[in-house]
Amino acid sequence: MKSLVIVESPTKTKTIRKFLPKGVVVDASMGHIRDLPSSAKEIPASEKKKPWASLGIDVEENFSPLYVIPADKKKVVKNLKELLQESDELILATDEDREGEAISWHLVEVLKPSVPVKRMVFREITEEAIQKALGQTREIDMNLVHAQETRRILDRLAGYTISPLLWKKISPGLSAGRVQSVAVEFVVERERERMRFKSGSYFDLRAALDAKTPDSSFSAELTHLDGKRIASGKDFDEQTGGLSVPDQVTLLNEDAAKALKNALEAGKWTVASLEVSSQSRTPAPPFITSTLQQEANRKFGFSARDTMSIAQKLYENGFITYMRTDSPSLSDQATKAAREGILQKYGQEYLSAKTRVYSSKDKGAQEAHEAIRPAGSLFITPEQSGLSGREFKLYDLIWKRTIATQMAEARLEFTTATILGETNDQRAQFRASGKRILFSGFFRAYVEGSDDPEASLEDQDQPLPPLREGQDLHLQDIEAIGHETKPPARYTEATLVRELEKRGIGRPSTYAAIISTIQDRGYVRTEGRALVPTFTAFAVSELLEKHFPDLVDSEFTSGLEDKLDGIAAGQVDPIQYLKDFYLGDQGLRDEVLRQEDKINPIDAKKIDLPIEGLDGVEILIGKFGPYLRAVRDKEELSVSIPEQLSPADLTPEKIEQLLQQEKTADQPLGKDPETGLLVYLLTGRYGPYVQLGEQEASAPATKGKKAEKTPASKKPKRVSLPKGVRPEDVDLEKALRLLELPRLLGNHPETGKEIRAGIGRFGPFVVHDGTFKSLTKEDHVLEISYERALELLSQAKSSRGSSVILELGDDPASGKPVRVMEGRYGPYVKVGAKNASIPKSVHPESITLAQAMELISKKKSSGKKK
């Protein structure tokens, strides 16, 4: 009997083929082979005139979806149909979650097999798991299919109904989504908390002491003065910056802290009391999707999308179990493998006396039913895996976390010493704390947030020297330390995933997509690891809060997720669920119609930020981004808000600075002696810049500005201010030096060609003969020397040429390798001699094989049109 096995990706095809009987044909569907139409051109001609065609869902006919096969999937479908004609049975081996079940169902619907169809499921790609799955095939689970289809329809209904309203009322190109809008709301609300926050200041003391013996130094911090607790950060009110309960604590200012310090320098120091306690620590549960994303972000700075892309490769190559799961349980096979690994690597004393069993506390737990762990009945150590780079890091993390779950508890001893510093009229109480690891236990393998467990053990072992009650101490030094209370921390990808999970928003398969979407659509940008909402995010959130509060309410959205879980379990009718959400008096469709007339576009474009002292300043969203509008000296001013400014950075002082720059925009810094053209300092959406000459009248550089025309063939030269250069520090001399960029440094000694320094899209650089090299933080574009430029260019030369970032597998049509490359002009995908650039919004290491083939296909089709 000849069998055709279909999986989602070529990588999975290669791995699974090794464990199947000879003669079995394995091929890939490249993800979903059909979906709702993504654009008007994908809608069949027979359906285009129907009123629901653009939505892709016939809401009046039980929400019947219109599925189409995208152009780049037609070859895949043709190939699978041909293979199926030569087969005696079809085995569908897509992932065991809702998405995988739906892919299998779509395959059956499109391929229309006349041979028996079997559904084969497994959670790891090992020989044992594949052989077992072959003997335990089942039918497609239509409840899972309905849950996936309902989610897809639900998201289309929400997005396609609300987004056009945002285009009309705020700005074209905006979007809203059932889950993305809640995620944006979380980030916006946190930023509002930061903006409302009032900082408080306080002082305390830190003493360096010793027990009058060698190597007995330790530090202690002031906690009480004359029996009253010293104020710390937790005692301040975030709304006022003052103490919440002033009578209960003593607040030290700088003068009081220094006076106490001076007094205690001559005081008597003794040990008042000692308290020793011991604690046991148990290991964290095995990874589920959300905790893996959080820990990979904390340890390595991986984005959620990157983590899932790397984990997908590890799974498809047989290194780990399925990576989309919200269950922390481990199979008997896994616990046995972990315990054997502990005995081999660490010895009997590090093995937990009892097998630890983990289960999910989440009522909505679904997807695969085991934690993310190394695959197989014998865990391959990271060193034996042959992996490298990011894949090694993530596998090492998963291996250590899994091994740690079956290791012995760590035992720690904590010592707290109360120290008295006494003067003639004051009695100051200090606290010193020490920690000693009595037995490292699972710390040997894994410490949360630490890359190196052994190094972490050294950091955690911080004992106090031997002390006794009543012992006299020697003061080495004492210092007064000032503190400012800090606003709530911005979300990172790790903490946002944790918040989404805690509130029941999304599921394991959606966290990475949610975070990628809100960044790709311009609602959130990153500063380091922090997620910062844009002005557009504020405008959209304000409109939804006012007119569609359910769409940004976490409890409402969590309830929708619970209903989807009910559909997956066969307990909720999907059609009735969609009707309740979209149709009827309380449905989204009628609610949008009711609210549309109530929304004034002028008001919708205004952003209400919690900033005091705005003095008649309006913050608005325009066609080209956010801007300020205000009247100063009877003149109405409008000025773009630079993109690098976040809403929290927009203080009254910064607003006045931007308005003053706009007010003086008509006033040139002076004339360029060479051309006679006026030189201006202006501000645009990308920040401040200098300009030589006037902008043409048809396209003014700034509102309200009179323009002298330059020759029609020339646009005025503009140069952005380098990072660290403040507009108020720019005079005519500095402006002219900037306008010289890219400035000539000299000629290259080998080629005789020019070397220049300039500022480009990615910052300052030096360039020679088409080779660019970015300047370091220590280099300044106006000051860099010829010799330093040669040094940087030699570094660029040694690293020049394309390099492979990722191997994605083989092209199913040609068999040629598909690679993600780093080239001279940025990342791109390569298949044989065909190349296609990767969009700037897409991280190169997150590209899948299906996405790569789609980019190549689009490049090919655009070439034909040309």
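Is D215 buried or exposed? With a relative accessibility of 81%, D215 counts as exposed. The model discussed here is predicted.

**Backbone geometry in loops**

- Most residues other than glycine have a negative phi, and most peptide bonds are trans.
- D215 is not a glycine, yet its phi is positive, at about 55 degrees. The residue sits in the loop that runs between β7 (201–210) and β8 (218–225).
- K634, likewise a residue other than glycine, has a positive phi near 65 degrees. Its place is the loop between β17 (625–632) and β18 (635–640). K634 counts as exposed because its relative accessibility is 85%, and the cut-off for that class is over 50%.
- The peptide bond that joins L741 to P742 is cis, and its omega is near -5 degrees. P742 belongs to the loop between α21 (732–739) and β23 (743–747).

**Crossing of α10 and α11**

- Helix α10 (residues 332–345) and helix α11 (residues 389–404) have axes that come within 9 Å of each other and cross at roughly 95 degrees. The two helices are therefore roughly perpendicular, a term that applies to angles from 65 to 115 degrees.
- On the α10 side, the contact is made by A338, G341, I342 and K345. On the α11 side, W399, T402 and I403 take part.
- Sorted by class, this contact comprises 4 nonpolar, 2 polar and 1 charged residues.

**Crossing of α2 and α3**

- The axes of helix α2 (residues 74–85) and helix α3 (residues 98–111) come within 11 Å, with a crossing angle of roughly 75 degrees. This angle makes α2 roughly perpendicular to α3.
- From α2, the residues V77, L80, K81 and L84 meet L107, V110 and L111 of α3.
- The contact of α2 with α3 divides into 6 nonpolar residues, no polar residues and 1 charged residue.
- An α-helix has 3.6 residues a turn, so residues three or four places apart point the same way.

**Helix α14 and its surroundings**

- In helix α14 (residues 511–520), the buried residues are Y511, A512, I514, I515, S516 and I518.
- After α14 comes G522, which has a positive phi near 80 degrees.

- The residues that line the largest cavity are S175, A176, Q180, S181, V184, Y523, V540, S541, L544 and V552. The elements that contribute two or more residues to this lining are α6 and α15 (535–547).
- By class, the lining of the largest cavity consists of 6 nonpolar and 4 polar residues, with no charged residues.

**V540, a residue of the cavity lining**

- V540, one of the residues lining the largest cavity, lies in helix α15.
- V540 counts as buried because its relative accessibility is 5%, and the cut-off for buried residues is under 20%.
- Leaving aside residues up to four places away in sequence, V540 touches L166, I170, L174 and Y523.
- Y523 also lines the largest cavity. Between V540 and Y523 there are 17 residues of separation along the chain, and their C-alpha atoms are separated by 9.0 Å.

**T776, a partly exposed loop residue**

- Where is T776 found? T776 is in the loop between β26 (771–774) and α22 (786–798).
- With a relative accessible area of 32%, T776 is partly exposed.
- T776 touches R788 and L792, when residues up to four places away in sequence are not counted.
- T776 and V552 are 224 residues apart in sequence, and their C-alpha atoms are 42 Å apart in space. V552 is one of the residues that line the largest cavity.

Key: Residues numbered from 1 in each chain as written. Predicted model: local features only at pLDDT ≥ 70, side-chain atom pairs only at ≥ 80, totals over all residues. Heavy atoms only, no water. Axes fitted to C-alpha atoms, helices over the stretch in contact; angles between N-to-C directions. Helix = DSSP H or I, 4+ residues; strand = E, 2+ residues; numbered from the N terminus. Parallel < 35°, antiparallel > 145°, perpendicular 65-115°, else oblique. Contact = heavy atoms within 4.5 Å. Nonpolar A, V, L, I, M, F, W, Y, C, P; charged D, E, K, R; others polar. Buried < 20%, exposed > 50% of the residue type's maximum accessible area, 1.4 Å probe, protein only. 1 Å grid on protein atoms, 1.4 Å probe; cavity = no way out; pocket = protein on both sides within 12 Å on 5 of 7 lines; lining within 4 Å.
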